[in-house]
Amino acid sequence: MKRIGLLAATATTVAMFSGCAMVNELKDGVAHPMTPEEAKAQAIAAARDVVKTLQLKDVGATFRFEACSDDGKPPYRGLVRIDYAHAPTYEGSQAEVQGFVQKLRDNGWSGDSDFAGHSPSVAKDNAVTVLRPYAPNGSGGIEVRGECRDATDHRDKPDTFNTPLPPDALA
């Protein structure tokens, strides 16, 4: 019986002294969660690096929070979509994207992003950039995603829709 009492006393003491730290490190299954502001800043900073590295022209961008699961529940991550003056043909855009990948890799982005998709992707500072060639239907562009660490529930909030960023946001 003394062992159980000692174990309970030890557990209570540990919880009292480390409880806040333990709660802050894990929220809704997310280790070291970010605030929405931190998640947004992470994605925008990575997008700014992409725009500067690639010296993109006529840039327009949007931001939104993206659920990291198909059911739309937390965690979320920041997502920046970048449009730019691209090559006029699909073949030209494909070649452009391959050049972009190499230029990003030469500037510290890793080619092994572990991001599953049909387009090339690179990673740096826990952000992933997906580069999709522009197709005749108008789809394509660059998407920069931050980490899945925002435990805030953004369902049914306007910040889950693409919101234009100010023209100087990525300058």
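A residue is taken as buried when its relative accessible area is under 20%. By this criterion, both Tyr84 and Tyr134 are buried in the predicted model, and Tyr84 and Phe100 are likewise both buried.

A search of the whole structure identified three aromatic pairs. In one of them, Tyr84 and Phe100 adopt an edge-to-face arrangement, with 5.6 Å centre to centre and 65° between the planes. Tyr84 is located in the loop between strand 4 (76-83) and helix 3 (90-106), whereas Phe100 belongs to helix 3; the pair therefore ties together parts that are 16 residues apart in sequence. The ring centres of Tyr84 and Tyr134 lie 5.4 Å apart with the planes at 75°, so this pair is also edge-to-face. Because Tyr134 is found in the loop between strand 6 (127-132) and strand 7 (141-145), and Tyr84 in the loop between strand 4 and helix 3, the pair links parts that are 50 residues apart in sequence. Tyr84, Phe100 and Tyr134 together form one aromatic cluster.

Nonpolar side chains tend to be buried together in soluble globular proteins. The largest nonpolar core of the model comprises 31 residues, of which Val80, Ile82, Leu131, Ile142 and Leu170 touch the most other members. At least two residues of this core are supplied by each of helix 2 (36-54), strand 3 (60-67), strand 4, helix 3, strand 6 and strand 7. Helix 2 gives the most, with eight residues. When neighbours within four places in sequence are left aside, the contacts of Leu131 include Leu54, Val97, Phe100, Val101, Leu104 and Ile142.

Notes. Residues numbered from 1 in each chain as written. Predicted model: local features only at pLDDT ≥ 70, side-chain atom pairs only at ≥ 80, totals over all residues. Heavy atoms only, no water. Phe/Tyr/Trp six-rings, centres within 6.5 Å; stacked < 30°, edge-to-face > 60°. Helix = DSSP H or I, 4+ residues; strand = E, 2+ residues; numbered from the N terminus. Buried < 20%, exposed > 50% of the residue type's maximum accessible area, 1.4 Å probe, protein only. Core = buried A, V, L, I, M, F, W, Y, C linked by side-chain atoms within 4.5 Å. Contact = heavy atoms within 4.5 Å.
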